[in-house]
Amino acid sequence: MSASPGARGDLAPRIDVVSIFPGYLDALDLSLVGKARESGLVDIAVHDLRDVTTDRHRTVDDSPFGGGAGMVMRPDVWWSAIEATGRRPARAGATVAGASTEGVDADPREVVLLVPTPSGARLTQPDAHALAREASAGDVRYVLACGRYEGIDARVTERAAGDPTIRRVQEFSIGDYVLNGGEVAALVLLEAVVRLLPGVLGNPESIAEESFEGDGILEYPVYTRPALWEGLAVPEVLTSGNHGAVERWRRERALERTARRRPDLLPPLTVTELSRRDLAALAVEGVEPGRHGRLIGPVRVRRAEPADAALVADLAAMTFPLACPDSATLADVRRHIAEHLSVQVFTDYLRDPGEVVLLAYDDAHAALGYALVHLDGRGADAPAFEGRLAELSKCYVLPRAQGTGCAAELMRAVLRAAADAGADAVWLGVNAQNVNALRYYRRHGFEPVGERTYQVGAAEHHDHVLLRTLPRGVAE
Ligand code: JB8
(Lines give C-alpha, C1' and ligand atoms only; values in the text may rest on other atoms or scores of the structure.)
Protein backbone atom coordinates (compact mmCIF):
# COMPACT_ATOMS: atom_id res chain seq x y z
CA MET A 1 0.00 0.00 0.00
CA SER A 2 1.22 3.49 -0.82
CA ALA A 3 1.72 5.89 2.06
CA SER A 4 0.59 8.80 -0.11
CA PRO A 5 -2.03 7.78 -2.62
CA GLY A 6 -1.58 10.60 -5.14
CA ALA A 7 -3.25 11.37 -8.45
CA ARG A 8 0.13 10.80 -10.13
CA GLY A 9 0.82 7.49 -8.47
CA ASP A 10 3.15 7.21 -5.54
CA LEU A 11 4.85 10.59 -5.40
CA ALA A 12 5.28 11.72 -1.82
CA PRO A 13 4.41 15.35 -1.06
CA ARG A 14 7.57 17.25 -1.97
CA ILE A 15 9.00 20.47 -0.64
CA ASP A 16 12.28 22.04 -1.80
CA VAL A 17 13.56 24.64 0.65
CA VAL A 18 16.08 27.18 -0.64
CA SER A 19 18.13 29.34 1.75
CA ILE A 20 21.58 30.86 2.20
CA PHE A 21 21.55 29.24 5.67
CA PRO A 22 20.53 25.63 5.00
CA GLY A 23 21.77 24.76 8.49
CA TYR A 24 18.75 26.59 9.94
CA LEU A 25 16.64 23.77 8.53
CA ASP A 26 18.58 20.96 10.22
CA ALA A 27 15.68 20.74 12.67
CA LEU A 28 13.69 19.07 9.89
CA ASP A 29 15.74 15.91 10.62
CA LEU A 30 14.21 15.73 14.11
CA SER A 31 11.04 14.59 15.77
CA LEU A 32 7.78 14.08 13.89
CA VAL A 33 8.91 15.77 10.65
CA GLY A 34 12.19 13.81 10.69
CA LYS A 35 10.29 10.54 11.10
CA ALA A 36 7.84 11.45 8.35
CA ARG A 37 10.78 12.10 6.01
CA GLU A 38 12.51 8.84 6.97
CA SER A 39 9.39 6.81 6.35
CA GLY A 40 8.82 8.50 2.97
CA LEU A 41 5.58 10.24 3.91
CA VAL A 42 7.09 13.53 2.81
CA ASP A 43 10.03 14.40 0.56
CA ILE A 44 11.84 17.48 1.85
CA ALA A 45 15.12 18.68 0.34
CA VAL A 46 17.09 21.68 1.56
CA HIS A 47 19.28 23.60 -0.90
CA ASP A 48 21.94 26.27 -0.51
CA LEU A 49 21.02 29.25 -2.70
CA ARG A 50 24.74 29.88 -3.30
CA ASP A 51 25.05 26.56 -5.13
CA VAL A 52 23.53 28.17 -8.24
CA THR A 53 25.87 31.19 -8.23
CA THR A 54 28.65 31.28 -10.82
CA ASP A 55 30.90 34.11 -9.60
CA ARG A 56 33.95 33.60 -7.41
CA HIS A 57 32.28 35.29 -4.40
CA ARG A 58 28.99 33.34 -4.77
CA THR A 59 27.09 36.64 -4.65
CA VAL A 60 23.34 36.53 -3.92
CA ASP A 61 22.58 40.23 -3.16
CA ASP A 62 23.05 43.77 -4.43
CA SER A 63 22.13 47.31 -3.33
CA PRO A 64 18.52 48.45 -3.70
CA PHE A 65 17.40 50.56 -6.66
CA GLY A 66 15.96 53.81 -5.30
CA GLY A 67 18.41 53.79 -2.41
CA GLY A 68 17.89 52.91 1.23
CA ALA A 69 19.48 50.69 3.81
CA GLY A 70 20.48 47.06 3.37
CA MET A 71 20.75 44.73 0.39
CA VAL A 72 18.23 43.01 -1.87
CA MET A 73 18.48 39.43 -3.13
CA ARG A 74 19.14 39.14 -6.86
CA PRO A 75 16.30 37.91 -9.09
CA ASP A 76 18.56 35.99 -11.51
CA VAL A 77 20.13 33.95 -8.71
CA TRP A 78 16.74 33.16 -7.18
CA TRP A 79 15.22 32.20 -10.51
CA SER A 80 18.11 29.79 -11.24
CA ALA A 81 17.61 28.23 -7.82
CA ILE A 82 13.86 27.77 -8.31
CA GLU A 83 14.44 26.21 -11.74
CA ALA A 84 17.13 23.93 -10.35
CA THR A 85 14.67 22.38 -7.90
CA GLY A 86 12.76 21.00 -10.91
CA ARG A 87 15.83 19.08 -12.10
CA ARG A 88 15.86 17.07 -8.91
CA PRO A 89 14.03 13.83 -9.71
CA ALA A 90 10.74 13.06 -8.06
CA ARG A 91 11.09 10.53 -5.33
CA ALA A 92 8.42 7.89 -4.95
CA GLY A 93 6.63 7.28 -1.69
CA ALA A 94 7.55 5.06 1.23
CA THR A 95 8.58 2.11 -0.90
CA VAL A 96 11.57 3.68 -2.64
CA ALA A 97 12.51 6.56 -0.35
CA GLY A 98 16.17 7.44 -0.82
CA ALA A 99 16.52 5.45 -4.04
CA SER A 100 19.08 6.43 -6.64
CA THR A 101 18.12 9.45 -8.76
CA GLU A 102 19.96 8.35 -11.87
CA GLY A 103 17.94 7.77 -15.01
CA VAL A 104 14.79 9.19 -13.42
CA ASP A 105 12.87 11.99 -15.13
CA ALA A 106 12.69 15.47 -13.66
CA ASP A 107 9.70 16.07 -11.42
CA PRO A 108 6.59 16.59 -13.58
CA ARG A 109 4.48 18.33 -10.96
CA GLU A 110 3.25 21.93 -11.04
CA VAL A 111 5.01 24.25 -8.58
CA VAL A 112 3.55 26.27 -5.73
CA LEU A 113 6.07 28.92 -4.73
CA LEU A 114 5.83 29.66 -1.00
CA VAL A 115 7.57 32.82 0.15
CA PRO A 116 7.78 33.81 3.81
CA THR A 117 7.64 37.58 4.16
CA PRO A 118 6.34 39.98 6.83
CA SER A 119 4.17 41.52 4.10
CA GLY A 120 2.41 38.26 3.25
CA ALA A 121 -1.05 37.16 4.29
CA ARG A 122 -1.13 35.59 7.76
CA LEU A 123 -0.77 31.79 7.72
CA THR A 124 -3.68 30.12 9.55
CA GLN A 125 -4.66 26.58 10.50
CA PRO A 126 -7.17 26.45 7.60
CA ASP A 127 -4.27 27.41 5.28
CA ALA A 128 -2.20 24.55 6.73
CA HIS A 129 -5.08 22.12 6.08
CA ALA A 130 -5.50 23.40 2.53
CA LEU A 131 -1.76 22.95 1.82
CA ALA A 132 -1.74 19.44 3.34
CA ARG A 133 -4.76 18.45 1.23
CA GLU A 134 -3.24 19.91 -1.93
CA ALA A 135 0.13 18.28 -1.23
CA SER A 136 -1.40 14.84 -0.87
CA ALA A 137 -3.35 15.14 -4.15
CA GLY A 138 -0.01 14.43 -5.84
CA ASP A 139 -0.05 16.90 -8.75
CA VAL A 140 1.87 19.75 -7.12
CA ARG A 141 5.23 20.27 -5.43
CA TYR A 142 6.32 23.16 -3.25
CA VAL A 143 9.32 25.46 -3.37
CA LEU A 144 9.91 27.40 -0.16
CA ALA A 145 12.06 30.45 -0.92
CA CYS A 146 13.68 31.80 2.24
CA GLY A 147 14.88 35.36 1.77
CA ARG A 148 17.36 37.33 3.88
CA TYR A 149 18.47 40.97 4.04
CA GLU A 150 15.69 43.33 2.82
CA GLY A 151 14.06 40.50 0.87
CA ILE A 152 13.99 39.14 -2.67
CA ASP A 153 13.75 41.32 -5.81
CA ALA A 154 9.98 41.62 -6.42
CA ARG A 155 10.31 40.45 -10.04
CA VAL A 156 10.86 36.88 -8.86
CA THR A 157 7.26 36.48 -7.64
CA GLU A 158 6.04 38.50 -10.64
CA ARG A 159 7.92 36.23 -13.06
CA ALA A 160 6.74 33.13 -11.21
CA ALA A 161 3.09 34.21 -11.25
CA GLY A 162 3.25 34.45 -15.05
CA ASP A 163 4.93 31.07 -15.56
CA PRO A 164 2.74 28.20 -16.83
CA THR A 165 4.65 25.61 -14.77
CA ILE A 166 3.87 27.53 -11.57
CA ARG A 167 0.37 27.03 -10.18
CA ARG A 168 0.50 29.78 -7.58
CA VAL A 169 2.74 32.09 -5.62
CA GLN A 170 1.83 32.25 -1.95
CA GLU A 171 3.56 34.93 0.11
CA PHE A 172 2.84 34.29 3.77
CA SER A 173 3.60 35.72 7.22
CA ILE A 174 3.57 33.79 10.49
CA GLY A 175 2.74 36.84 12.63
CA ASP A 176 3.13 40.55 13.09
CA TYR A 177 6.81 40.70 13.98
CA VAL A 178 9.96 40.79 11.90
CA LEU A 179 12.49 37.98 11.61
CA ASN A 180 15.97 38.23 10.08
CA GLY A 181 14.98 35.93 7.25
CA GLY A 182 12.40 33.45 6.07
CA GLU A 183 13.96 30.26 7.46
CA VAL A 184 12.17 30.17 10.81
CA ALA A 185 8.85 31.03 9.12
CA ALA A 186 9.50 28.19 6.65
CA LEU A 187 10.08 25.79 9.57
CA VAL A 188 6.78 26.94 11.07
CA LEU A 189 4.88 26.32 7.85
CA LEU A 190 6.50 22.90 7.34
CA GLU A 191 5.75 21.74 10.87
CA ALA A 192 2.14 22.98 10.66
CA VAL A 193 1.55 21.26 7.29
CA VAL A 194 3.55 18.03 7.62
CA ARG A 195 1.74 16.97 10.80
CA LEU A 196 -1.54 17.19 8.88
CA LEU A 197 -0.36 14.92 6.04
CA PRO A 198 -2.09 11.52 6.00
CA GLY A 199 -0.23 8.95 8.09
CA VAL A 200 2.06 11.40 9.92
CA LEU A 201 0.21 11.68 13.24
CA GLY A 202 -0.32 8.45 15.16
CA ASN A 203 -3.74 9.55 16.33
CA PRO A 204 -5.37 11.97 13.85
CA GLU A 205 -8.36 12.40 16.20
CA SER A 206 -6.12 14.44 18.50
CA ILE A 207 -6.04 17.19 15.84
CA ALA A 208 -9.75 17.90 16.28
CA GLU A 209 -9.23 18.79 19.96
CA GLU A 210 -6.53 21.39 19.30
CA SER A 211 -6.74 25.18 19.27
CA PHE A 212 -8.04 26.65 15.96
CA GLU A 213 -9.60 23.32 15.00
CA GLY A 214 -13.30 22.47 14.92
CA ASP A 215 -15.09 25.75 15.64
CA GLY A 216 -11.81 27.67 15.72
CA ILE A 217 -11.54 28.49 19.42
CA LEU A 218 -8.67 27.97 21.87
CA GLU A 219 -7.97 24.66 23.57
CA TYR A 220 -8.94 23.96 27.19
CA PRO A 221 -6.16 23.61 29.84
CA VAL A 222 -4.72 20.12 30.39
CA TYR A 223 -3.38 18.33 33.51
CA THR A 224 -1.57 15.12 34.42
CA ARG A 225 -0.15 13.45 37.56
CA PRO A 226 0.58 14.25 40.31
CA ALA A 227 -3.00 15.22 41.26
CA LEU A 228 -1.58 17.59 43.88
CA TRP A 229 1.61 19.49 42.97
CA GLU A 230 3.15 22.48 44.77
CA GLY A 231 -0.11 22.80 46.68
CA LEU A 232 -2.05 23.06 43.42
CA ALA A 233 -4.82 20.52 42.87
CA VAL A 234 -6.07 19.33 39.51
CA PRO A 235 -9.67 20.57 38.96
CA GLU A 236 -11.90 18.09 40.75
CA VAL A 237 -14.16 17.41 37.78
CA LEU A 238 -11.24 15.84 35.88
CA THR A 239 -10.82 13.14 38.50
CA SER A 240 -14.58 12.58 38.95
CA GLY A 241 -14.94 9.98 36.21
CA ASN A 242 -18.02 11.87 34.94
CA HIS A 243 -17.29 12.16 31.23
CA GLY A 244 -20.23 14.45 30.51
CA ALA A 245 -19.12 16.83 33.23
CA VAL A 246 -15.53 16.73 31.94
CA GLU A 247 -16.69 17.59 28.42
CA ARG A 248 -18.82 20.51 29.69
CA TRP A 249 -15.99 21.82 31.89
CA ARG A 250 -13.51 21.69 29.00
CA ARG A 251 -15.92 23.47 26.66
CA GLU A 252 -16.52 26.22 29.23
CA ARG A 253 -12.79 26.73 29.85
CA ALA A 254 -12.14 26.87 26.09
CA LEU A 255 -14.84 29.53 25.60
CA GLU A 256 -13.66 31.47 28.67
CA ARG A 257 -10.04 31.51 27.43
CA THR A 258 -11.07 32.53 23.94
CA ALA A 259 -13.24 35.41 25.22
CA ARG A 260 -10.40 36.66 27.46
CA ARG A 261 -7.38 36.12 25.24
CA ARG A 262 -8.59 35.96 21.66
CA PRO A 263 -11.99 37.65 21.32
CA ASP A 264 -11.11 38.08 17.63
CA LEU A 265 -11.78 34.33 17.23
CA LEU A 266 -15.38 34.60 18.47
CA PRO A 267 -17.26 36.20 15.53
CA PRO A 268 -17.59 32.98 13.46
CA LEU A 269 -19.56 31.46 16.37
CA THR A 270 -23.24 32.26 16.03
CA VAL A 271 -26.11 31.67 18.40
CA THR A 272 -27.37 28.72 16.35
CA GLU A 273 -24.27 26.63 17.03
CA LEU A 274 -23.95 27.52 20.71
CA SER A 275 -25.71 25.68 23.53
CA ARG A 276 -27.33 27.43 26.51
CA ARG A 277 -24.32 26.36 28.57
CA ASP A 278 -21.96 27.84 25.97
CA LEU A 279 -23.86 31.12 26.10
CA ALA A 280 -23.80 31.13 29.90
CA ALA A 281 -20.02 30.59 29.92
CA LEU A 282 -19.55 33.44 27.45
CA ALA A 283 -21.92 35.74 29.38
CA VAL A 284 -19.64 35.41 32.43
CA GLU A 285 -16.87 36.93 30.26
CA GLY A 286 -19.12 39.76 29.04
CA VAL A 287 -19.87 38.17 25.67
CA GLU A 288 -23.54 38.10 24.60
CA PRO A 289 -25.39 37.50 21.36
CA GLY A 290 -26.45 40.73 19.68
CA ARG A 291 -29.70 41.21 17.76
CA HIS A 292 -28.11 39.84 14.60
CA GLY A 293 -27.27 36.55 16.37
CA ARG A 294 -23.53 37.21 16.37
CA LEU A 295 -21.55 37.51 19.54
CA ILE A 296 -20.70 40.91 20.94
CA GLY A 297 -18.08 41.63 23.55
CA PRO A 298 -16.17 41.71 25.75
CA VAL A 299 -17.13 45.38 25.37
CA ARG A 300 -14.42 47.94 26.00
CA VAL A 301 -14.85 51.69 26.38
CA ARG A 302 -12.25 54.31 25.50
CA ARG A 303 -12.09 58.08 25.16
CA ALA A 304 -12.74 59.06 21.56
CA GLU A 305 -10.04 61.11 19.84
CA PRO A 306 -10.37 63.86 17.20
CA ALA A 307 -9.60 61.20 14.55
CA ASP A 308 -12.82 59.41 15.64
CA ALA A 309 -15.09 62.36 14.74
CA ALA A 310 -16.54 60.75 11.60
CA LEU A 311 -17.04 57.42 13.39
CA VAL A 312 -18.89 59.08 16.28
CA ALA A 313 -20.97 61.24 13.90
CA ASP A 314 -21.99 58.05 12.04
CA LEU A 315 -23.01 56.38 15.30
CA ALA A 316 -24.97 59.48 16.29
CA ALA A 317 -26.77 59.67 12.93
CA MET A 318 -27.65 55.97 13.10
CA THR A 319 -28.90 55.94 16.68
CA PHE A 320 -30.63 59.32 17.07
CA PRO A 321 -33.64 58.53 14.83
CA LEU A 322 -34.30 55.35 16.84
CA ALA A 323 -34.65 57.38 20.05
CA CYS A 324 -37.20 59.78 18.56
CA PRO A 325 -40.93 59.38 19.20
CA ASP A 326 -43.27 58.33 16.36
CA SER A 327 -44.49 61.91 16.07
CA ALA A 328 -41.08 63.14 14.87
CA THR A 329 -40.96 63.81 11.13
CA LEU A 330 -38.13 62.59 8.91
CA ALA A 331 -37.43 66.17 7.82
CA ASP A 332 -37.04 67.34 11.43
CA VAL A 333 -34.86 64.36 12.37
CA ARG A 334 -32.63 64.98 9.34
CA ARG A 335 -32.34 68.67 10.16
CA HIS A 336 -31.38 67.85 13.74
CA ILE A 337 -28.70 65.40 12.59
CA ALA A 338 -27.26 67.90 10.09
CA GLU A 339 -27.20 70.73 12.63
CA HIS A 340 -26.25 68.97 15.87
CA LEU A 341 -24.63 65.63 15.01
CA SER A 342 -22.30 66.51 12.14
CA VAL A 343 -18.64 65.52 11.86
CA GLN A 344 -17.78 69.18 12.48
CA VAL A 345 -19.84 69.32 15.68
CA PHE A 346 -18.13 66.18 17.01
CA THR A 347 -14.71 67.44 15.91
CA ASP A 348 -15.32 70.52 18.07
CA TYR A 349 -16.45 68.38 21.04
CA LEU A 350 -13.41 66.13 20.67
CA ARG A 351 -11.06 69.12 20.78
CA ASP A 352 -12.78 70.65 23.81
CA PRO A 353 -11.30 69.62 27.19
CA GLY A 354 -14.68 70.34 28.80
CA GLU A 355 -16.30 67.54 26.80
CA VAL A 356 -15.83 63.79 27.18
CA VAL A 357 -16.76 61.52 24.28
CA LEU A 358 -16.65 57.80 25.09
CA LEU A 359 -16.69 55.02 22.51
CA ALA A 360 -17.90 51.49 23.27
CA TYR A 361 -16.42 48.84 20.99
CA ASP A 362 -15.33 45.23 20.86
CA ASP A 363 -12.70 43.34 18.96
CA ALA A 364 -14.84 42.61 15.91
CA HIS A 365 -16.99 45.74 15.73
CA ALA A 366 -15.27 49.08 15.24
CA ALA A 367 -17.86 50.84 17.38
CA LEU A 368 -21.00 49.80 19.25
CA GLY A 369 -22.08 52.97 21.02
CA TYR A 370 -21.01 56.35 22.31
CA ALA A 371 -21.66 58.84 25.06
CA LEU A 372 -21.07 62.59 25.33
CA VAL A 373 -20.61 64.21 28.73
CA HIS A 374 -20.52 67.98 29.25
CA LEU A 375 -18.26 68.23 32.30
CA ASP A 376 -19.81 71.64 33.04
CA GLY A 377 -23.44 70.65 33.18
CA ARG A 378 -24.95 73.97 34.29
CA GLY A 379 -26.93 74.54 31.07
CA ALA A 380 -30.32 76.21 30.67
CA ASP A 381 -32.26 72.99 31.39
CA ALA A 382 -30.07 71.83 34.30
CA PRO A 383 -31.91 70.90 37.50
CA ALA A 384 -31.26 72.76 40.72
CA PHE A 385 -28.38 71.08 42.52
CA GLU A 386 -25.89 72.10 45.22
CA GLY A 387 -22.53 70.94 43.91
CA ARG A 388 -20.70 70.28 40.69
CA LEU A 389 -22.94 69.06 37.93
CA ALA A 390 -22.09 67.21 34.70
CA GLU A 391 -24.59 66.57 31.89
CA LEU A 392 -24.90 63.26 30.09
CA SER A 393 -25.82 64.83 26.77
CA LYS A 394 -25.85 61.65 24.67
CA CYS A 395 -25.72 57.94 25.42
CA TYR A 396 -26.54 55.54 22.58
CA VAL A 397 -25.76 51.98 21.49
CA LEU A 398 -26.45 50.44 18.08
CA PRO A 399 -29.53 48.19 17.95
CA ARG A 400 -27.38 45.11 17.33
CA ALA A 401 -25.59 45.68 20.66
CA GLN A 402 -28.75 46.20 22.70
CA GLY A 403 -29.28 43.61 25.40
CA THR A 404 -25.57 42.67 25.45
CA GLY A 405 -24.34 44.64 28.45
CA CYS A 406 -22.75 47.20 26.13
CA ALA A 407 -24.88 50.05 27.45
CA ALA A 408 -24.07 49.07 31.05
CA GLU A 409 -20.35 49.17 30.23
CA LEU A 410 -20.79 52.58 28.62
CA MET A 411 -22.69 53.92 31.68
CA ARG A 412 -19.95 52.67 34.03
CA ALA A 413 -17.40 54.62 31.99
CA VAL A 414 -19.63 57.73 31.92
CA LEU A 415 -20.02 57.76 35.71
CA ARG A 416 -16.30 57.14 36.22
CA ALA A 417 -15.35 59.95 33.80
CA ALA A 418 -17.74 62.38 35.52
CA ALA A 419 -16.49 61.41 38.97
CA ASP A 420 -12.85 61.64 37.84
CA ALA A 421 -13.55 65.18 36.60
CA GLY A 422 -14.87 66.13 40.05
CA ALA A 423 -18.61 66.08 39.35
CA ASP A 424 -20.95 65.47 42.31
CA ALA A 425 -23.91 64.53 40.11
CA VAL A 426 -24.87 63.81 36.52
CA TRP A 427 -28.15 64.93 34.91
CA LEU A 428 -29.78 64.18 31.58
CA GLY A 429 -32.92 64.75 29.54
CA VAL A 430 -34.68 61.80 27.93
CA ASN A 431 -37.73 61.72 25.66
CA ALA A 432 -40.79 60.99 27.78
CA GLN A 433 -41.94 58.26 25.35
CA ASN A 434 -38.59 56.44 25.29
CA VAL A 435 -39.49 53.86 27.94
CA ASN A 436 -36.45 51.67 27.26
CA ALA A 437 -34.05 54.54 27.83
CA LEU A 438 -35.98 55.64 30.94
CA ARG A 439 -35.78 52.12 32.36
CA TYR A 440 -32.05 51.98 31.58
CA TYR A 441 -31.34 55.30 33.34
CA ARG A 442 -33.49 54.35 36.36
CA ARG A 443 -31.60 51.06 36.58
CA HIS A 444 -28.35 53.05 36.78
CA GLY A 445 -29.54 55.22 39.66
CA PHE A 446 -31.01 58.22 37.79
CA GLU A 447 -34.14 59.71 39.41
CA PRO A 448 -36.73 61.99 37.77
CA VAL A 449 -36.38 65.59 39.01
CA GLY A 450 -38.25 67.65 36.39
CA GLU A 451 -39.35 68.23 32.81
CA ARG A 452 -38.13 70.20 29.81
CA THR A 453 -38.83 70.68 26.13
CA TYR A 454 -36.31 69.50 23.54
CA GLN A 455 -36.14 70.88 20.01
CA VAL A 456 -35.82 68.42 17.09
CA GLY A 457 -35.92 70.36 13.84
CA ALA A 458 -39.03 72.54 14.00
CA ALA A 459 -40.79 70.34 16.59
CA GLU A 460 -40.77 70.55 20.38
CA HIS A 461 -40.56 67.27 22.30
CA HIS A 462 -41.31 66.53 25.93
CA ASP A 463 -38.34 65.27 27.99
CA HIS A 464 -38.02 64.03 31.54
CA VAL A 465 -35.04 65.40 33.45
CA LEU A 466 -33.20 62.81 35.55
CA LEU A 467 -30.42 63.21 38.11
CA ARG A 468 -27.95 60.83 39.71
CA THR A 469 -25.53 61.79 42.45
CA LEU A 470 -22.02 60.36 42.47
CA PRO A 471 -20.25 58.93 45.48
CA ARG A 472 -17.81 61.55 46.77
CA GLY A 473 -14.14 61.11 46.00
CA VAL A 474 -14.41 57.57 44.63
CA ALA A 475 -13.63 56.87 41.03
CA GLU A 476 -14.99 53.35 41.04
C1 JB8 B 1 14.14 39.03 5.06
O2 JB8 B 1 9.52 38.13 9.53
B3 JB8 B 1 9.49 37.29 8.43
C4 JB8 B 1 10.56 37.41 7.35
C5 JB8 B 1 11.56 38.36 7.45
C6 JB8 B 1 12.48 38.47 6.42
C7 JB8 B 1 12.41 37.65 5.30
C8 JB8 B 1 11.41 36.70 5.20
C9 JB8 B 1 10.48 36.60 6.22
C10 JB8 B 1 13.46 38.02 4.44
N11 JB8 B 1 13.55 39.30 6.24
O12 JB8 B 1 8.43 36.44 8.24
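Colleague: How much space lies in the second largest pocket?
Modeller: The second largest pocket holds about 600 Å³ of space. Please note that this is a predicted model, in which local features need pLDDT of at least 70 and side-chain atom pairs count only at pLDDT 80 or more, while totals for chains, interfaces and linings use all residues. Residues are numbered from 1 along each chain as its sequence is written, and side-chain values use heavy atoms, with hydrogens and water left out.

Colleague: What counts as a pocket, and what as a cavity?
Modeller: Both are found on a 1 Å grid over the protein atoms alone: a cavity is a set of points where a 1.4 Å probe fits but cannot get out, and a pocket is an open set with protein on both sides within 12 Å along at least five of seven lines. Lining residues have an atom within 4 Å of a point. Grid points are joined across faces, edges and corners, and a volume is the space filled by probe spheres set on the points.

Colleague: Which residues lie nearest the centre of the second largest pocket?
Modeller: They are R122, L123, T124, Q125 and F212, out of 18 lining residues. By class, this lining has 8 nonpolar, 4 polar and 6 charged residues. Here Ala, Val, Leu, Ile, Met, Phe, Trp, Tyr, Cys and Pro count as nonpolar, Asp, Glu, Lys and Arg as charged, and the others, Gly among them, as polar.

Colleague: Where is F212, and what is its phi?
Modeller: F212 is in the loop between α6 and β8. Its phi is positive, about 70 degrees, although F212 is not a glycine. Helices (H or I, at least four residues) and strands (E, at least two) are DSSP runs, numbered from the N terminus.

Colleague: Why does F212 count as partly exposed?
Modeller: F212 counts as partly exposed because its relative accessibility is 40%, and the scale calls a residue buried under 20% relative accessible area, exposed over 50% and partly exposed in between (1.4 Å probe, protein chains only). R58 also has a positive phi without being a glycine, at about 55 degrees. R58 sits in the loop between β2 (43–48) and β3 (61–62), and with 34% relative accessible area it is partly exposed.

Colleague: Back to cavities. How many of 30 Å³ or more are there?
Modeller: The count is 3. The volume of the largest cavity is about 60 Å³. Its lining consists of P13, I15, L114, L131, A135, Y142, L189, L190 and V193. The elements that give two or more residues to this lining are α3 (125–137) and α5 (183–194), and α5 gives the most, with 3 residues.

Colleague: Which classes make up that lining?
Modeller: The lining of the largest cavity has 9 nonpolar residues, with no polar and no charged ones. As for the second largest pocket, α3 and α5 each supply at least two residues of its lining.

Colleague: New topic. What are the domains?
Modeller: The assignment gives domain 1 (14–202), domain 2 (235–296) and domain 3 (300–469); such bounds come from an automatic or database domain assignment. The centres of domain 2 and domain 3, taken over C-alpha atoms, are separated by 33 Å. Contact, meaning heavy atoms within 4.5 Å, joins 10 residues of domain 2 with 11 residues of domain 3.

Colleague: Is D308 buried or exposed?
Modeller: D308 is buried, since its relative accessible area is 10%. D308 lies in the loop between β12 (300–303) and α9 (309–323). Its side chain makes a polar contact with the side chain of R302 at 2.8 Å. A polar contact is a pair of N or O atoms within 3.5 Å; within protein, one must be able to donate a hydrogen and the other to accept it, and residues adjacent in sequence count only if both atoms are side-chain atoms.

Colleague: And what does the side chain of D424 reach?
Modeller: The side chain of D424 reaches the backbone nitrogen of R388 at 2.6 Å. D424 is in the loop between α12 (406–420) and β16 (425–431), and its 16% relative accessibility makes it buried.

Colleague: Last one: which peptide bonds are cis?
Modeller: Among them is the bond from R225 to P226, with omega near 0 degrees. The bond from G297 to P298 is also cis, with omega near -5 degrees. P226 lies in the loop between α6 (205–208) and β8 (228–229), whereas P298 lies in the loop between β11 (295–296) and β12.
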